[in-house]
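Here are some exercises to work through with the structure in view. Try each task yourself before you read its solution.

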Amino acid sequence: MRILVIEDEVKIAGAIKRGLEMKGYAVDMVHDADTGLSYACDADYDLVILDRMLPGSMDGVELCRRVRDNGISVPILMLTARGTIGDKIEGLNSGADDYVVKPFSFDELIARVKALLRRPPKHTGTIIKLDDLTVDTTNYSVKRGDKSIKLSQKEYALLEYLLHRVGQVVTKDMIIAHVWDEDAEVLPNTVEVYIGYLRNKIDRVFPDRPALIHTLRGFGYSLRLEAQPDKEANKS
Ligand code: CA
């Protein structure tokens, strides 16, 4: 695993590099935003540790935004001395995947690095796409092609849950456990109702586009581009 450290405080950067190398990671280190941006965009890193306050033509938040604008979904862990809630939200909305406030314990940093490296790459970044369906997780906007789709809070939560499991089969119980809180009284029938609402909004009103929500009778649901297996069976 190769990690890029973008941190202008040379002592801190060096300590992070040594610590990560002791854990077996390969580490490159740069000390200003502009070099950091070109490294992050040109090389295929597994993770970027990015300081928020950097010398150069942009700060860490802007650097993060530009990395994402280039379509690069590398996990980004942002470091900062500032720890207000507004700063954290700004960092995460710019496309960072996690946030560590200085001074941090090295053990915590390593634990967060490991957690980020465990995530499948497609789950990073703020925009999730499937076919021409685009979901921007920073402002909860959903579009199919150019057409905006208005979803209720629950429909959105259900869609985002399914999008994080594209191609997998999710059961009604999984949906209930992840989309509703434990106090909600949800019956399997409720899930069917919400799947129906979502299907109307993202599939049925786009009859010329492939259906994305598939029902696997007796198992659950699957969000994916391929044709539904039982439909294919019916064709033959
Ligand atoms: Ca700094």
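**Exercise 1. Find the residues that coordinate the calcium ion, and say where its two aspartates sit.**

Step 1. List the donors, meaning N, O and S atoms within 2.8 Å of the metal (3.2 Å for Na, K and Ca); water is not among the atoms, so sites may look incomplete. In this predicted model, Asp8 (OD), Asp51 (OD) and Met53 (O) hold the calcium ion at 2.0 to 2.3 Å.

Step 2. Read the spacing along the chain: it is D-x42-D-x1-M.

Step 3. Asp8 belongs to the loop between β1 (2-6) and α1 (10-22), and Asp51 to strand β3 (residues 47-51), so the pair ties together parts that are 43 residues apart in sequence. Here helices (H or I, at least four residues) and strands (E, at least two) are DSSP runs, numbered from the N terminus.

Step 4. Check accessibility: buried means under 20% relative accessible area, exposed over 50%, and partly exposed in between (1.4 Å probe, protein chains only). Asp8 has 26% and is partly exposed, whereas Asp51, at 2%, is buried.

A note on the ground rules: residues are numbered from 1 along each chain as its sequence is written, and side-chain values use heavy atoms, with hydrogens and water left out. Because the model is predicted, local features need pLDDT of at least 70 and side-chain atom pairs count only at pLDDT 80 or more, while totals for chains, interfaces and linings use all residues.

**Exercise 2. Describe the aromatic pairs of the structure.**

Step 1. Recall the rule: rings of Phe, Tyr and Trp (its six-membered ring) pair if their centres lie within 6.5 Å; planes under 30 degrees apart are stacked, over 60 edge-to-face, and the rest tilted. The structure holds three such pairs.

Step 2. Take Tyr140 and Tyr156: their ring centres are 5.1 Å apart and their planes at 90°, so this pair is edge-to-face. Tyr140 lies in the loop between β7 (133-136) and β8 (141-144), and Tyr156 in helix α6 (residues 153-163), so parts 16 residues apart in sequence are tied together. Tyr140 is exposed at 56%, but Tyr156 is buried at 7%.

Step 3. Turn to Tyr194 and Tyr197, another edge-to-face pair, with 5.3 Å centre to centre and 80° between the planes. Both lie in helix α8 (residues 188-204), three residues apart, about one turn of the helix. Tyr194 is partly exposed at 22%, and so is Tyr197 at 40%.

Step 4. Look for a cluster: ring pairs link Trp180, Tyr194 and Tyr197.

**Exercise 3. Which elements do the buried residues of α6 pack against?**

Step 1. Pick out the buried residues of α6, among them Tyr156, Leu159 and Leu162.

Step 2. Follow their contacts (heavy atoms within 4.5 Å). They pack against β6 (127-130), β7, β8, α7 (172-179), α8 and β11 (220-223).
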